[in-house]
Each structure stands twice: as structure tokens, then as C-alpha cells.
Amino acid sequence: MRIVAIGGGENGRPGTAYETGPFDREILSLTGKRDPAFLFIGLANPHADSYFETMRAIYRDRLGLTRLEHLTEADLRDPAVLADKFGRADILYVGGGNTLRLMTLLRRAGAVPLLDAARDRGAVLCGVSAGAICWCRYGNSDSRKFTSGSDQLIKVSGLGYLPVLLCPHYDAEPLRQTDLPRMMRRVHRIPAIALDNGTALEAVDGRWRILTSLPGAMARRCFWRTGSFQMEELPQDGGWRPLEELTAL
């Protein structure tokens, strides 16, 4: 299993900085190929086409890939196309946006077995915000703002490949800092991983480490114990550690 779950950061879309470069280069390196096939899944975002253009500017123009495509809602209605796109992808990159919508569309389309197969054959599974949550058991999600404008955060179920609750944008969105303890009161036996913008959790074959792209960016492991909310800063020394150390309580 190869996962790069990015907590947030600008990807160089028009008018913004390019802050995710170290993560993009690591994603490419993990494939072990000079020109891996890249599949962008932008189903969480209402502007998926322009989002794909931004990702193509990174992975084609900056990193030199030649085989790039994206998954459309029309593809979800064609099992043969869906299986073909998932089956040949070396990188599956999921964009940010409405996590609940993303997971609902994937499940209704029967895409979960295809994602399981991609994981099992060693494809790199990656993404930012909603695209980081989707690989985890749960996520601290702002999906309701996309449908009702509510700022209430909700727990969304992901694919469960990483047995954690992922909280992205921890430093940039103060509401997540106040909401995470509330949400974790009802989550037992797994920790939360709170990622600042400019951090990523990388998990490869039973090991993990934290990557950073911005000065001062941090990652934390959070859980309730004996009636108090505990928060531990995760090391950023580049060393690999057993995944059991991250997920055990």
C-alpha cells in the first residue's frame, strides 16, 4: 500500500503559490516509473475540469508525465470505462472539495472494489483534503458548506485503508481545532491525525512518516484518554516508523 495524504496547501492554480511541490515529487517517485499513468479524480469539486487543468500543469508541464486523464461523472455510469481508467492508473490523485459527495458517488458507482484492486497492485493513492480523507477510516469534513452553507463539521466515512480519522487544514481553519475534540469523543480505538496545510502523511507498506512543504507546518496525533483530549506532535525527521505506532492507542 502506498498512500500520500496531504493536509492542504496551494497547488499553483491561477493566482496562488505552488506549495505542494515536495509532495508531488514524492508521489511520482513512489511509482518507480519514469512516465507513470496519472488519473485525477475531481468528483468532490464542482469545477473538476479546471481543477484537472491545474493538475495537468503540475504533472505534465512540471514533472513531464505524458499519460494523464481524469474521471468524469459520465465515466461513473459506464462500468467498462470505469474499470479501464482505474485499471491502468499508476497514480490515483483525488482532489479536494465535498468529501461526502465524493464517497457517495464512488460507492454508488461500484468503484470501491476497483480502488481496492489499485491499492493491492501498488498504485500510489494520494490527494489533498477530501482526497486525503478518502483513504482513511473517517474524516473531519466541511461537506455541509457545499450543500447548505453550514459551517458544522461532520464525520465522513472513507475507504478505511488507514485506520485513522484525518483532519486536514488544521492550522488554517480554526473551527477544526475546536471541533476535533468534540468529534473524537465518539471515535474509539483509532486516533485522529491533524494535518496543517503544507504537511502530508505518507504510508508505504506498513510504515509511515510526515512530509512538509511549508515552514512551521506540523502534524499531530490526537485522542481521548482518561477524560482528557491528548495531542502529540508527530516527528518530522524523515524517518520511517511502523504504522502500528501511529494507529495504536
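Predicted model: local features only at pLDDT ≥ 70, side-chain atom pairs only at ≥ 80, totals over all residues.
How many aromatic pairs does the count come to? The count comes to 8 aromatic pairs.

## Overall form

The chain contains 10 helices and 14 strands. Its radius of gyration is 17 Å, which agrees with the value near 18 Å that a compact globule of 249 residues would have. Along the principal axes, the C-alpha atoms fill a box of roughly 50 × 40 × 40 Å.

Of the 249 residues, 52% are buried. Among contacts with a separation of 6 or more, 71% are between residues 24 or more positions apart.

## Surface and charge

The accessible surface of the chain is about 10900 Å². Carbon and sulfur atoms account for 48% of that surface.

There are 32 positive and 29 negative side chains in the chain. The centres of these two sets are 4 Å apart.

## Aromatic pairs

A pair of aromatic rings is described by the distance of the centres and the angle of the planes. In the count of 8 aromatic pairs, one of the entries is Phe40 with Tyr51, a tilted pair with 4.8 Å from centre to centre and 55° between the planes. This pair links distant parts of the chain, since Phe40 belongs to strand β2 (residues 38–41) and Tyr51 to helix α2 (residues 48–62), 11 residues apart. Phe40 counts as buried because its relative accessibility is 0%, under the 20% limit. Tyr51, at 12% relative accessibility, also counts as buried.

Tyr59 and Tyr93 form an edge-to-face pair, because their planes stand at 65°, with ring centres 6.1 Å apart. Here too the pair links distant parts of the chain: Tyr59 is in helix α2 and Tyr93 in strand β4 (residues 91–94), 34 residues apart. Tyr59 is buried at a relative accessible area of 0%, and Tyr93 is buried at 3%. Both pairs have their residues in a cluster in which ring pairs link Phe38, Phe40, Tyr51, Phe52, Tyr59 and Tyr93.

## Helix α1

Is helix α1 (residues 21–31) largely enclosed or largely open? Helix α1 is largely enclosed by the rest of the structure, because 8 of its 11 residues are buried. The buried residues are Gly21, Phe23, Asp24, Glu26, Ile27, Leu28, Leu30 and Thr31.

The cover over the buried residues of α1 includes the helix α2. It also includes the strands β1 (2–6), β4, β5 (124–128), β10 (199–204) and β11 (207–212). Just after α1 comes Gly32, with a positive phi of about 70°.

Which loop holds Asp205? Asp205 is in the loop between β10 and β11, two strands that are also among the elements covering the buried residues of α1. Asp205 is not a glycine, yet has a positive phi of about 50°. With a relative accessibility of 54%, Asp205 counts as exposed, because the limit for that class is over 50%.

Thr226 is another residue other than glycine with a positive phi, near 45°. Thr226 is found in the loop between β12 (219–225) and β13 (228–233). The relative accessible area of Thr226 is 79%, so Thr226 is exposed.

Definitions and conventions
Residues numbered from 1 in each chain as written. Heavy atoms only, no water. Helix = DSSP H or I, 4+ residues; strand = E, 2+ residues; numbered from the N terminus. Rg over C-alpha atoms; globule rule 2.2 N^0.38 Å. Buried < 20%, exposed > 50% of the residue type's maximum accessible area, 1.4 Å probe, protein only. Contact = heavy atoms within 4.5 Å. Areas by Shrake-Rupley, 256 points an atom, 1.4 Å probe, with all protein chains shown as cover. Lys, Arg positive; Asp, Glu negative; His and termini not counted. Charge placed at Lys NZ, Arg CZ, Asp CG, Glu CD. Phe/Tyr/Trp six-rings, centres within 6.5 Å; stacked < 30°, edge-to-face > 60°.
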